[in-house]
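Subject: Handover of a structure

Dear colleague,

Please find the structure below, together with its sequence.

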Amino acid sequence: MLEIKHTTIRTLSILGQRGAFGYALNELAKENEQIIALTSDLRTTSGLDRFNNAYPERVINVGIAEQNMIGIASGLSTLGFVPFATTFANFASLRACEQMRHHMGYMRENIKIVGFGGGFAMGMFGITHYGIEDVSSIRSIPNIAILSPADSLETVKATIAAAQHKGPVYLRLTGVMNQPMVYKEDYDYEIGKAVQLRDGTDIAIFATGGMVHQSLQAAEQLDKTGISCKVVNVHTIIPIDKQAIMNSLGVKLLVTVEEHSRIGGLGSTVAEVLTELDEKPPQLLIGVSNEYKPAGSYEYMLEQYGLNFMSITEKIIKRYGEVK
Amino acid sequence: MTNLEKYTNVFVETFEVDASEATGLAYQSILAWDSVGHMSLIAAIEDAFDIMMDTDDIIDLSSFEKGKELLAKYDVEF
């Protein structure tokens with residue numbers, strides 16, 4: 001459907017995950033007339049301008065009415081449409097949580113929610129627009145797949161996979177424009193199948209979203225100190241790839257890294273798998289501490305919460321020294 | 001091929017316009033130069049001159065002429 005060239009990957013990287021989503025949806029819509037976009041007053045922010053220009057009759061802006069948007073998406077799905085509904089991650093998961101529970105969890109309607117601004121991507125918009133509790137809220141609702149792409153190319157892959165997936169999906173987008181490229185060439189993507197990006201024997205890092213690139217950089221730093229570190233891209237949080245975890249039980253320390261609360265996100269999901277095992281490595285959960293710190297730019301927020309690669313490296317070295 | 005020819009060719013291929021039309025283009029002056037088209041243009045310029053542009057410059061590149069001015073920062077001379 002979409003030819004992935006070097007320049008395409010760079011274009012997507014500059015666009016960031018939101019722009020990449022809009023790009024992918026526009027491509028999908030050319031082949032599937034059932035694709036329809038809904039947004040709660042965030043058409044441009046959702047990267048949907050080109051889609052809107054090409055298919056104005058297939059875009060519904062419901063206004064600032066996220067709960068109503070889920071209900072409309074549910075109705076459209078019963079008519080055979082494949083609705084992609086976009087809003088900020090926290091508005092979807094907190095404001096419209098009950099509608100997601102009923103229409104997506106309970107009724108299993110074929111709705112795709114796109115939650116952008118996951119983590120601290122909304123920067124100066126402040127705490128009200130940060131998506132740091134969205135995964136923990138949605139993860140407790142049955143039947144909703146949670147996708148969390150590592151970069152812009154993977155966002156395109158995840159959008160296409162979400163459209164093909166029969167059932168409700170929450171697509172969590174992180175990062176800002178000019179997002180670093182984790183993937184510099186095309187690759188195979190499958191919902192529920194984590195991707196090992198780097199091999200290692202001492203430590204295994206399971207990372208998701210924008211933290212995958214930070215974790216790869218941290219692994220390079222660890223390598224310089226003689227610590228061998230595997231990095232796994234967990235692009236699907238639900239259903240979690242249990243086999244990928246099983247394949248990493250031989251390490252001395254298992255680390256999870258996420259731009260989300262340490263409570264209820266990827267770290268908790270991995271811990272729930274590990275707790276059922278008799279023999280397992282200790283786990284270090286790196287994520288957003290359970291407090292609201294002063295708001296600021298994206299980079300500033302990552303630094304404050306210790307989520308840039310240098311802070312991640314320091315945390316891992318400290319914990320590794322205690323357990324090795 | 002001169003740098004000017006390479007630069008013009010990027011606009012021609014990205015936006016499917018004639019070379020004579022390319023030189024007068026500005027952001028959103030044609031349908032193809034929308035936000036997505038802009039990022040495609042940047043990627044094509046980077047590819048043509050083997051450079052990586054800063055985010056501020058990506059945003060500042062608002063016209064054919066402005067792009068020539070910005071590329072001087074990356075040692076691309078016209």
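This is a predicted model: local features need pLDDT of at least 70, side-chain atom pairs count only at pLDDT 80 or more; totals for chains, interfaces and linings use all residues.

Residues are numbered from 1 along each chain as its sequence is written, and chains are lettered from A and ligands numbered from 1 in the order in which they are written.

**Chain A overall**

Chain A holds 12 helices and 12 strands; these are DSSP runs, numbered from the N terminus, with helices (H or I) of at least four residues and strands (E) of at least two. Along the principal axes, its C-alpha atoms fill a box of roughly 60 × 40 × 40 Å.

**Domains**

Chain A is divided into domain 1 (6-174) and domain 2 (195-323), with bounds from an automatic or database domain assignment. Their C-alpha centres lie 26 Å apart. Each domain of chain A gives 25 residues to the contact, where two residues are in contact if their C-beta atoms, placed from the backbone, lie within 7 Å. On the side of domain 1, H6 (134-139), S5 (145-147), H7 and S6 (169-174) of chain A each supply at least two residues. That side has 13 nonpolar, 7 polar and 5 charged residues (nonpolar: Ala, Val, Leu, Ile, Met, Phe, Trp, Tyr, Cys and Pro; charged: Asp, Glu, Lys and Arg; polar: the others, Gly among them).

**Helices H1 and H7**

In chain A, H1 (residues 6-31) and H7 (residues 152-164) pack at an angle of about 15°, with their axes 7 Å apart. H1(A) is therefore roughly parallel to H7(A), a term for angles under 35 degrees. Residues that meet include Leu12(A) and Phe21(A) in H1(A), and Val156(A) and Ile160(A) in H7(A). The residues of this contact divide into 13 nonpolar, 6 polar and no charged.

**Contact with chain B**

Here, 12 residues of chain A are in contact with 12 residues of chain B. The largest share of chain A's side, 8 residues, comes from H1(A). By class, that side has 4 nonpolar, 5 polar and 3 charged residues.

Yours sincerely

Notes
Axes are lines fitted to C-alpha atoms, for helices over the stretch in contact, and angles run from 0 to 180 degrees between N-to-C directions. Angles under 35 degrees count as roughly parallel, over 145 as roughly antiparallel, 65 to 115 as roughly perpendicular and the rest as oblique.
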